[in-house]
Amino acid sequence: MKISYYPGCTLRTKAKELDDTARLCAKVLGVEMEEVENWQCCGGVYKTATDEIATKLSAVRALDYAKHHGGKLLTLCSACHNVIKRTNADMKADGDICMRANNYLKLDEPYKGETEVLHYLELLKNVVGFDAIKKAVVKPLNRKIGAYYGCLLLRPSAAMAFDNPENPTIIEDFIRAIGGTPVVYPFRNECCGAYVSLKNGELPKEKSRKVLTSAKEKGAEEVITACPLCLYNLQVNGGEILPVKYFTELLAEALGVKE
């Protein structure tokens with residue numbers, strides 16, 4: 001199958017490994033990731049001000065592109081997913097935002113939130129299927145792995161509708177599909193503190209170390225995440241406690257496309 005794909009800025013720079021391994025795995029699993037033409041930065045952070053329209057326009061452009069190319073938009077970076085999915089919710093539910101965004105963009109046909117936004121993990125679960133992934137695995141990962149969700153995939157829960165925000169399971173199910181043993185630990189969906197790092201460098205260090213220490217105490221040998229900012233923060237502030245990798249790196253290992 002073919003699906004429109006929004007990579008985002010970080011996956012072109014510091015998070016190339018996330019993008020590269022996702023593309024390799026998609027090919028093995030029969031998915032063609034077609035990059036959105038002329039995509040621009042999603043804005044990085046969702047702006048809650050209702051009169052803030054300009055920062056939402058690049059997300060709307062990508063959504064409109066996907067509307068005319070299969071009706072689904074695939075994301076990979078947790079921050080991009082959060083911004084694009086919440087913007088899509090605005091275009092569906094907020095008539096004022098929808099009208100003003102369309103007035104700015106002058107699209108041939110108004111965009112009203114018709115596109116379905118999918119995170120790569122949702123693609124693996126709901127489109128490819130974890131059973132199909134199990135069958136494609138050539139190198140089961142016989143080790144204990146902790147999932148780190150962070151904030152952006154899960155919250156706000158009503159708009160994201162990604163998983164249970166208090167007790168998510170999708171990454172644990174993914175870990176089982178690639179032959180690993182998931183480790184559930186108390187801080188797996190707590191903030192790593194990345195957004196206050198410029199104001200208070202000690203707080204992210206404290207929070208990140210709590211996350212990784214918690215995972216290690218429960219028996220994890222490594223931790224995986226979908227968020228480039230979380231990965232950076234955890235590695236910098238507690239990388240000596242446990243290795244931290246992108247979930248697609250382990251998928252690529254299990255599928256035999258990358259060591």
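Which strands does helix 2 (residues 57–67) lie across? Helix 2 lies across strand 1, strand 2, strand 3 and strand 4. It runs at about 130 degrees to strand 3. Axes here are lines fitted to C-alpha atoms, for helices over the stretch in contact, and angles run from 0 to 180 degrees between N-to-C directions. Contact means heavy atoms within 4.5 Å. Helices (H or I, at least four residues) and strands (E, at least two) are DSSP runs, numbered from the N terminus.

This is a predicted model: local features need pLDDT of at least 70, side-chain atom pairs count only at pLDDT 80 or more, and totals for chains, interfaces and linings use all residues. Residues are numbered from 1 along each chain as its sequence is written, and side-chain values use heavy atoms, with hydrogens and water left out.

Now the sheet. Strands of a sheet pair through backbone hydrogen bonds, either parallel or antiparallel. Here 4 strands form an open sheet in the order 2-1-3-4, and the pairing is parallel. Strand 2 (32–35) and strand 4 (116–119) are the edge strands, each pairing on one side only. On average, neighbouring strands of this sheet are turned by 40 degrees against each other, direction ignored. Two strands pair if DSSP finds at least two bridges between them. Strand 1 (residues 2–5) and strand 3 (residues 72–75) run parallel and are joined by 2 bridges. Tyrosine 5 has leucine 74, in strand 3, as its bridge partner.

Helix 1 (residues 16–28) lies across strand 1 and strand 2. Helix 1 runs at about 135 degrees to strand 2.

Next, lysine 258. It sits in the segment after helix 10 (247–255). Lysine 258 counts as partly exposed because its relative accessibility is 34%. The cut-offs are these: buried is under 20% relative accessible area, exposed is over 50%, and partly exposed lies in between (1.4 Å probe, protein chains only). Leaving aside neighbours within four places in sequence, lysine 258 is in contact with Glu17, Thr21, Ala252 and Glu253. The C-alpha atoms of lysine 258 and cysteine 25 are separated by 9.3 Å, yet these residues are 233 residues apart along the chain.

Glutamate 253 counts as buried because its relative accessibility is 12%. Besides Lys258, glutamate 253 is in contact with Lys139, Leu141 and Arg143, again leaving aside neighbours within four places in sequence.
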